[in-house]
Amino acid sequence: MLFPTFTKHIDEALDALAEASVIPADLDRNNVTIEPPRDPSHGDLSTNAAMVLSKAAGMKPRDLANKIVEKLSALIDVKSAEIAGPGFINLRVSDAILVDELQQISEMGLDYGRSDKGQGTTVNVEYVSANPTGPMHMGHCRGAVVGDALADLLEFGGHKVIREYYVNDAGSQVDTLARSAHLRYLEALGEDISEIPEGLYPGAYLKPVGEALASEFGNKFKDSPEKEWLLTFRKASVSAMMDMIRADLVMLGIKHDVFASEAELHEAGKADAAEAELRSRDLVYDGVLEKPKGKTIDDWEPVELPLFRSTQFGDDQDRPIKKSDGKWTYFGGDLAYHFQKAQSADELIDIWGADHAGTVKRIKAAVQALTKGETKFDVKLVQMVHLLREGEPVKMSKRSGNFVTIADVVKEVGKDVVRFTMLTRKADAQMDFDFAKVMEASRDNPVFYVQYAHARIQSIIRKAAEEGIEPSDADLSVLGEEELDLVKLAAQFPRIVESAAAAREPHRVAFYLNDLAAAFHGFYNLGNDRPDKRILMVNDHKTTSARLFLVKNIGQTVKNGLALMGVEAAESM
């Protein structure tokens, strides 16, 4: 492939210079890059090798660049090598290596862009993890898509991936859920429940749960005190909600490998084990928190609590892992949960809503402490999505029962539109999702624009087949400059995948696909004014066959990119 080939060429040029004692043999080359120049008129590839190595080599950048250019210019893969500015090297590549790249796309098919960069290391990606108190709503959607696309990207890049969902089934919200389900249970038994009391979940989605409980238990818990039915209703309602959530996620094309229960975590004593581990290294101690600054709290009293020494790991204060009543704090539970995840992964990645930004530092401190710094850990924050309908806000309120579910949106616009749209901006940038705009058939809608590129290619191939023209056994030597420019852009795909995986940023694939689609549409439109540039020319099978081979493999690249986003490539539109 193009970029690995030229990375090797540059390494070999530097090796040759080291052998000739022009540069030291032990230069650190980690910062040497090969990438497309910002201005395509400067060439096809650019390297900073001379710039980053000159100081350690004891040479001026341009002098070292001259030595490197001498080596590269002799290669059959290089048309020209020029020095720009203070010492950057711009390269123009041979037509032959671009034709070879096109053939590699064809041969590798769905594997084009796949790499072994991850070397089989295991990454646990935890995403969604919505409280099991109702169906998935659009507030959960972006994190779900970002996490799932990231998991696919890492797997494509050679990692083993564990896709995990943390079920928060141990907090007060699930007691509220159980009480809400009990009310619907009474309703199913024929009682008039009137208005849902303030503080309970009013959504109609709990009616089937109440009906199922009434069918199973009859009048058994109709007049019973709460302590007799709370645990039973809690387990039943959480189970029903998780079934609903799984079904919603499947509609979005998402499946998890692990659903980890917070309640089971505590029942198994995992939090106690994490505390014991930290105490054994004096990273948890019994102490008193300072009185909150800037606040007047009349009934505040100093209370001794078990505190984690998170300040040793960059946090601004030590954090309590238990409350004064002995129950675990959210942080204490999260600490134990991450300790559990770290037992089976080399790296942990959490996808969180931006409203959790304040807890990132302490969780990072906890993971560093619990794993002695051996497990990498990263948190990707995802900003809110503002739902609009023709520019007007669509309000969401889970507690009132008046919210827009993922299922509703998928049914209206389709899974692929939802998923692609969620990846059209960097995850930590806010996003507007306008129902009208995401369905708009225009260049301004990247979902349509990219899908249309693939559909248009498939249409061309079908029309050519009707004329008896196939892309197989094409003579690719007839491809000209415009065609090879498309190949240059397609050749960037493996590099984009690799950089997106390394940065944990799946949106980069969406940006790239939009650029590739624009280039293809531009190439296609050349034929509107210049008949000799049309892809399908029934009187010139040789040229048509070569161009068919080209666009078929541009389509393959688009398809591979869409697959990483969990989006199916459209065959027609």
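This is a predicted model: local features need pLDDT of at least 70, side-chain atom pairs count only at pLDDT 80 or more; totals for chains, interfaces and linings use all residues.
Two strands count as paired if DSSP finds at least two bridges between them.

**Strands β13, β14 and β15**

Strand β13 covers residues 385–389, and β14 covers residues 392–393. The two run antiparallel and are joined by 2 bridges. Arg-389 stands opposite Glu-392 of β14. Together β13 and β14 make a hairpin, with 2 residues between the strands. Glu-390 sits in that turn and has a positive phi of about 55°.

β13 also pairs with β15, residues 431–434. Here the sense is parallel, and there are 4 bridges. His-386 has Asp-432 in β15 as its bridge partner.

| Strand pair | Sense | Bridges |
|---|---|---|
| β13 (385–389) and β15 (431–434) | parallel | 4 bridges |
| β13 and β14 (392–393) | antiparallel | 2 bridges |
| β9 (304–308) and β10 | antiparallel | 2 bridges |

**The sheet β8-β9-β10**

An open sheet is built from 3 strands in the order β8-β9-β10, with antiparallel pairing. β8 (284–288) and β10 (319–320) each have a single partner strand and stand at the edges, so one side of each lacks a neighbour in the sheet. Strand β9, residues 304–308, is joined to β10 by 2 bridges. Phe-308 has Arg-319 of β10 as its bridge partner. As a general point for reading such a sheet, side chains in a regular strand alternate between its two faces.

**Aromatic pairs**

A search of the whole structure turns up 14 aromatic pairs. In one of them, the ring centres of Tyr-185 and Phe-233 are 5.1 Å apart and the planes lie at 85°, so the pair is edge-to-face. Planes over 60 degrees apart fall in that class. Tyr-185 belongs to helix α6 (residues 172–188) and Phe-233 to helix α8 (residues 226–251), so the pair ties together parts that are 48 residues apart in sequence. Tyr-185 and Phe-233 are both buried.

Phe-520 and Tyr-524 give another kind of geometry. Their ring centres are 6.3 Å apart and their planes are at 40°, so this pair is tilted. Both residues lie in helix α19 (residues 507–529). They are 4 residues apart, about one turn of the helix. Tyr-524 counts as partly exposed, with 30% relative accessibility.

One aromatic cluster brings together Tyr-185, Phe-217, Phe-221, Trp-229 and Phe-233. The edge-to-face pair of Tyr-185 and Phe-233 thus has both its members in this cluster.

**The whole protein**

The protein has 20 helices and 15 strands. Of its 573 residues, 51% count as buried. The C-alpha atoms fill a box of roughly 85 × 65 × 40 Å along the principal axes.

Contacts reach across the sequence. Among those between residues at least 6 apart, 72% join residues at least 24 apart. What about charge? The protein carries 68 positive and 90 negative charges, and their mean positions are 2 Å apart.

Definitions and conventions:
Residues are numbered from 1 along each chain as its sequence is written. Side-chain values use heavy atoms; hydrogens and water are left out. Buried means under 20% relative accessible area, exposed over 50%, partly exposed in between (1.4 Å probe, protein chains only). Contact means heavy atoms within 4.5 Å. Lys and Arg count as positive and Asp and Glu as negative; His and the chain ends are not counted. The place of a charge is taken as NZ of Lys, CZ of Arg, CG of Asp or CD of Glu. Rings of Phe, Tyr and Trp (its six-membered ring) pair if their centres lie within 6.5 Å; planes under 30 degrees apart count as stacked, over 60 as edge-to-face and the rest as tilted.
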